[in-house]
Amino acid sequence: MPPTQKPVFVTALPPLRLLWPAGVLSALLLFCQLLPESGQLGLRYDRALIGDGQFWRVLTANFVHLGWGHFWLNLAGLAFVALLFAGDRSASRWLAGLLVSGVATSLGVYWFNPEIEWMAGLSGALHGLFVLGAIGMILLGEWLGWALVAGVLAKLGWEQLVGELPMTGELIGGSVVTAAHVWGAAGGLLAGLREILIWRRQRAPL
């Protein structure tokens, strides 16, 4: 690999640099949660309004929640992903993965689940980041990556065949849009495939 070329994955970073992207995202989520109801309604996924041209909702829907229970549950999920995977890649690559997973969540629902009129929350994007992190582990030769992929596939399969996990709806204060998890995971896979291509190119003989 040429000396000017940076590796895809970063495995030895100071602790603060490992976690600051998740901290910034947490602060953004808290800011959105503290907005008045009218402000939150202006950000959440709304199929009809997206069709009318309010395209920002495709992204901002990931940052608003149904209530504090939903907020804390997703914040816990973000903390889990950050602690498990934070050192696997640079902050810019995590940001790219977040954007791809978040947009894929909304667009997947918009194109393939027309029955869903509105939704909010980060869980779809979190599934994408989880898949992306697992792919990073696999590329680093860690068997745990395969186990995590199997785990998330089992969860998605359960949700599609049986329904939402027990008590999840009670915790978030509404129905779980399980389709969003599928499309978010697909976004993470898409971002992961791009990194696989970069990884293979960097390992190619000169």
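Student: What makes the crossing of H8 and H10 left-handed or right-handed in this predicted model?

Tutor: H8 passes H10 in a left-handed crossing. A crossing is called left-handed because the near helix is turned anticlockwise from the far one by less than a right angle. The axes of H8 (residues 144-161) and H10 (residues 178-203) cross at roughly 145° and come within 9 Å.

Student: Which residues of H8 and H10 meet?

Tutor: Lys-155, Leu-156, Glu-159 and Gln-160 of H8 meet Thr-178, Ala-179, His-181, Val-182 and Ala-185 of H10. Of the residues in this contact, four are nonpolar, three polar and two charged.

Student: Why is the pairing of Lys-155 and Glu-159 called a salt bridge?

Tutor: The definition asks for a side-chain nitrogen of Lys or Arg within 4 Å of a carboxyl oxygen of Asp or Glu. The N to O distance for Lys-155 and Glu-159 is 2.6 Å, so the pair qualifies. Both residues lie in H8, four residues apart, about one turn of the helix. A search of the whole structure finds one salt bridge.

Student: What makes Leu-30, Leu-34, Trp-68 and Trp-72 a patch?

Tutor: They form a nonpolar surface patch of about 450 Å². Membership requires over 30% relative accessible area and no salt bridge, with nonpolar side chains joined within 5 Å. Helix H1 (15-34) and helix H5 (68-85) each supply at least two of the patch residues; Trp-68 lies in H5.

Key. Residues are numbered from 1 along each chain as its sequence is written. This is a predicted model: local features need pLDDT of at least 70, side-chain atom pairs count only at pLDDT 80 or more; totals for chains, interfaces and linings use all residues. Side-chain values use heavy atoms; hydrogens and water are left out. Axes are lines fitted to C-alpha atoms, for helices over the stretch in contact, and angles run from 0 to 180 degrees between N-to-C directions. Contact means heavy atoms within 4.5 Å. Ala, Val, Leu, Ile, Met, Phe, Trp, Tyr, Cys and Pro count as nonpolar, Asp, Glu, Lys and Arg as charged, and the others, Gly among them, as polar. Patches are made of residues with over 30% relative accessible area and no salt bridge: like charges are joined within 9 Å, nonpolar side chains (Val, Leu, Ile, Met, Phe, Trp, Tyr) within 5 Å. Accessible areas come from the Shrake-Rupley method with a 1.4 Å probe; for residues, only the protein chains shown count as cover.
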